[in-house]
Amino acid sequence: MSKSEVITIFFHLKSHRNLKHFYLHYVCKDMNDFFTELVCYNRFVELQKKVIQPLTVYLKMFGLGKCSGISFIEFDSTESLPL
């Protein structure tokens, strides 16, 4: 999977309970036509660690409004991601 595909999947998580459920029950079943090289969930979590920095930069530059204080990104509650 490319970094842009991982970011796209990670970015669309917000309407689901957690990343694992979203990835296994929605992405792998319903979106496999869009992502031709899907990997297992554990590998996706490993790839996710590599895109945190580019995603953070993107959100800071384009996705957020004017910063009014402290900004943070919430990660999936079932996984811990060391930065």
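## Close-up views of a predicted model

**View 1. Both Tyr-23 and Phe-44 are buried in this model, a residue being called buried under 20% relative accessible area, exposed over 50% and partly exposed in between, with a 1.4 Å probe and protein chains only.** The model is a predicted one, in which local features need pLDDT of at least 70 and side-chain atom pairs count only at pLDDT 80 or more, whereas totals for chains, interfaces and linings use all residues. Residues are numbered from 1 along each chain as its sequence is written, and side-chain values use heavy atoms, with hydrogens and water left out.

**View 2. The protein is made of three helices and zero strands, where helices (H or I, at least four residues) and strands (E, at least two) are DSSP runs numbered from the N terminus.** Read from the N terminus on, the elements of the protein follow the order α-α-α. Helix H1 covers residues 3-11, while residues 19-30 make up helix H2 and residues 41-63 make up helix H3. Of the 83 residues of the protein, 29% count as buried.

View 3. Rings of Phe, Tyr and Trp (its six-membered ring) pair if their centres lie within 6.5 Å, and planes under 30 degrees apart count as stacked, over 60 as edge-to-face and the rest as tilted. By this rule the count comes to three aromatic pairs. One of them joins Tyr-23 and Tyr-41, whose ring centres are 6.2 Å apart and whose planes stand at 50°, so this pair is tilted. This pair links distant parts of the chain, since Tyr-23 belongs to helix H2 and Tyr-41 to helix H3, 18 residues apart. Tyr-23 counts as buried because its relative accessibility is 0%, and Tyr-41 also counts as buried, because its relative accessibility is 7%. For Tyr-23 and Phe-44, the ring centres are 4.5 Å apart and the planes lie at 20°, so the pair is stacked. Taken as a group, Tyr-23, Tyr-41 and Phe-44 form one aromatic cluster.

**View 4. Tyr-23 and Phe-44 also take part in the largest nonpolar core, which has 14 residues.** Such a core is a set of buried Ala, Val, Leu, Ile, Met, Phe, Trp, Tyr and Cys residues joined through side-chain atoms within 4.5 Å. The residues with the most contacts inside this core are Met-1, Val-6, Ile-9, Tyr-23, Val-27, Phe-35 and Phe-44. Helices H1, H2 and H3 are the elements that give two or more residues to this core, and the largest share, five residues, comes from H3.

**View 5. Gln-48 is part of helix H3 and counts as buried, because its relative accessibility is 1%.** Although Gln-48 and Val-6 are 42 residues apart along the chain, their C-alpha atoms are separated by 6.4 Å. Elsewhere, in the loop between H1 and H2, the chain places Asn-18, which counts as buried because its relative accessibility is 16%.

**View 6. The structure holds one salt bridge, meaning a side-chain nitrogen of Lys or Arg within 4 Å of a carboxyl oxygen of Asp or Glu.** Glu-46 forms this bridge with Arg-43, and the closest N and O atoms of the two are 3.1 Å apart. Both residues belong to helix H3, where Glu-46 and Arg-43 are three residues apart, about one turn of the helix. Glu-46 is partly exposed because its relative accessibility is 41%, and Arg-43 is likewise partly exposed, with a relative accessible area of 33%.

**View 7. Zero disulfides are present in the structure, a disulfide being a pair of cysteine sulfur atoms within 2.5 Å.** Cys-28 is in no disulfide, and the nearest cysteine sulfur, that of Cys-40, is 9.0 Å away. Cys-28 is partly exposed, as its relative accessible area is 26%. Cys-40 is likewise in no disulfide, its nearest cysteine sulfur being that of Cys-28, and Cys-40 is partly exposed, with a relative accessible area of 49%.
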